[in-house]
Amino acid sequence: MKIKKQEIKSGIKLHTINTNRFKTNLVAVFLAIPITRENVTFNSVLTSVLRRGTKNMPTQEQVSKELENMYGASFDCGIDKTGDNHILKFYLESINDKFLPQTGEKMLKQSIEKLLEIVFNPLVENGKFKEEYVEQEKNNVQRRIEGKIDNKAKYAIERCIEEMYKEQPYGLYRYGYAEDLSKINASNLYKYYQELINTCKIDIFVSGKIDSDISNILEENENIKNLNPREPKYVQTATIRKINTQEKEVSESMDVTQGKLIIGMDINIEDEKQKYKVSVYNALLGGSATSKLFQEVREKASLAYSASSNFIRHKGNIIISCGIEIKNYDKTLGIIRKQLEDMKAGNFTDEELENSKKGIISAIKGIEDEQDTEITYYFGQELSGNEVSTKQYIEAIAQVSRKDVINVANSVSINTIYFLKD
Amino acid sequence: MQLIENLKLEEKVYKEKLENGMTVLIIPRENTQKKYVIWGTHYGSNESKFIVPGEKEATEVPKGVAHFLEHKMFEQENGTNSLDVLTALGVEANAYTTNDHTAYLFECTDKFYEALDELMDYVQHPYFTDENVEKEKGIIGQEIMMYDDYPEWRVYLNTLEAMYHNHPVKLDITGTIETISHINKEVLYKCYNTFYNPSNMVLVVCGDFKPDEILEEIKKRLLPKEATGEIKRIYPKEPNGVVKNYVEQKMEVSMPLFTIGIKDIPSEEKVKKHIAIEVLLNMLLGRSSKLYKKLYNEGIILAQPSLEYEFTDDYAHVLITGKATAPEKVFESLKKEVAYLKQNGLNENEFSRIKKMIYGGYVKEYNDVAETARMFLADFFKGINSFDYIDEIESVKPEYGLQVLTETFNDNNMVLSVVKK
């Protein structure tokens, strides 16, 4: 295996992916904890504050200058929901030493150290974060939360998921809540941070042409030395049970030219194997240009420009989304329901089934050609506690049968139909 | 075949101009599973008036034909749709239209040659009927409406409309529901036959290929066609200066979106100028700049605006796009900063630091087969060899930067476009 996993301390893992496919090295640090209404806004502000400055690079300007000098090493951070976990993500991408104009610069080591510095050695003044940074970032987070409405297609999907998971962790908005921002200050955010980094699950990924001992670099790193071993609490995402709910319809009005129709569906996930079957079902239903939805809604009925479905594998949901003319709501919904029934009845050809599998297999083969995708793939496995090589993954998809897909189709139920209109 | 090599990057490109006038670029990549092919024609939304080789009179067609053609190329006479056929093979196929070119592409890990059969077959076999043209108007109409809801798209188009008096770059690539209503199969065939001649086309492949083998495979899939003469492209005369300095549209957005456009004149030194403008934009508004820090600390902007330079032989402009609580403050302070730099010159350390960053950005473009191939195609239509960016960056000095700053960054040529509630 070219991926190697080592536990640096209890709850802190290093994953190295040795590959010569890229001109770059990519280092990632992921912090994972169960998402709650209490911590979601804290996590959101925290992620933003950390990029503002560190003990040794106290301003954003200094951070930027350092990175520019490292041939435009790019730092990025983000926040995601994976299952019922909130993941704080930090990345640093830099050019591999081989492709630098000058030789002798140790870019990978520098990159690892810089990223660890940003995540684990923030600027602290009088036992708290710098007030100015916290206030500014609270402001920014507020804007980001308000910005939810800007992309109508994404907004509609987000709203559908909220309706499906009312009062539940997965229904929380990943950037948090504006009304909770006033509870956050430089002092309690720092306390929260200290607790977080000493209790959360930490995964460090290093991908690239690696010719030095990364675990050695980590073990000698002061910021890693200062972290406690921990028994991290996080939600494993292997099995997902759904409670049958009544199908509900929700509609909302906004200033839009095109209506957005979103249908959220539930599927029980018994084991990892089931996820492969659902992947194939999803590909047939709306995962590609040959899928039922694309063909029937867009190509045959000319009702939409986009019509697709997406499988949220860590939660056992399929989300169908279409952009349609507002007056065509009933007609489109009718066609979609017909497709779901057709899938249950096995109204798809063997050829369509094989084509869907081919599409998935091709995507799996491509995983190793994208550095961040490969990291996300292995991190997903880390969270579900299931280790499958891409080769095994491909075999598992190839084995999915017509019967498997029909079984999945009969276990799918509509949870929420959401419509954004004018 | 001509071999173009870049030693710094350890990259090679094989270039061949075929007898029928078509250019093939082959970029071999060992170690990758993904293979990518893109076939483009030097024909985009800007071409609505032209003289067909061999004819005397100019032809004028409705706006949006290039994009309409792109949509319709997939449909085949035997009732199949090539996009479906390609997807069924497990490859990821797509097509797109820009201001100056249209491209058909796919990416795959397996079945490359089967997919290449289909790609090269459908691009060479147009099939338009009155019925299938009418049906497409519905789908494209939905696409136009979808874009109407994107504030990002509106703020961009409004910028171009404020900068250009006549040049077609200011028009929506898709055309409008009105213009596409005038498209019929005759128009489509006329444009196809004019612009999809091999002498107006380039094919780029990137992946684990042997150059000689892949070249033969491409050649044997080409229909016999003769190179035609030059297509005369007619653009309306574009006066200097902008139409207006400010444009605003109301939309439901949480925070105003803005684009600052700077209308420029195309330069002979395309690559060098492009690099200089990238350095300047980053010195002015990049993450380490004084102005960015000020605007961020005042809560006016949340993130670094995107900084771009778009150009062909026929037009050129800078675009600075972002979100701001007060876009006019960004606009005014940018002008002030430009004036300050013009007066005080460019700091050499800063200039070389930003150049290092930009060098890294260029190297990263070679990570992915798709990105590399698309870059070579788009640059080719501009008359550029993509490696030139890596080779020429060293020669871009602060003195030249200052010269470009003085020539291009003029208040009179700047426009501000805003979308807000």
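Guide: B:Thr23 has B:Val202 as its bridge partner in strand 9 of chain B. That strand covers residues 201-207, and strand 3 of chain B pairs with it in the parallel sense over six bridges. Strands here are DSSP runs (E, at least two residues), as helices are (H or I, at least four), and both are numbered from the N terminus. Two strands count as paired if DSSP finds at least two bridges between them.

The model is predicted, so local features need pLDDT of at least 70 and side-chain atom pairs count only at pLDDT 80 or more, while totals for chains, interfaces and linings use all residues. Residues are numbered from 1 along each chain as its sequence is written, chains are lettered from A and ligands numbered from 1 in the order written, and side-chain values use heavy atoms, with hydrogens and water left out.

Back to strand 3 of chain B, residues 23-28. Five of its six residues are buried. Buried means under 20% relative accessible area; exposed is over 50%, and partly exposed lies in between (1.4 Å probe, protein chains only).

Strand 3 of chain B has another partner. Strand 2 of chain B, residues 11-17, pairs with it in the antiparallel sense over four bridges. There, B:Val24 of strand 3 faces B:Glu16. Five residues lie between these two strands in their hairpin, and B:Gly21 has a positive phi near 95°. As a rule, side chains in a regular strand alternate between the two faces of the sheet.

A pocket is found on a 1 Å grid over the protein atoms alone: an open set of points where a 1.4 Å probe fits, with protein on both sides within 12 Å along at least five of seven lines; lining residues have an atom within 4 Å of a point. The lining has 27 residues. Nearest the pocket centre are B:Glu10, B:Glu11, B:Pro28, B:Arg29 and B:Glu30. Strand 1 of chain B, residues 2-6, and strand 2 of chain B are the elements that give two or more residues to the lining. By class, the lining holds twelve charged, eight nonpolar and seven polar residues. Charged means Asp, Glu, Lys and Arg; nonpolar means Ala, Val, Leu, Ile, Met, Phe, Trp, Tyr, Cys and Pro; the others, Gly among them, are polar.
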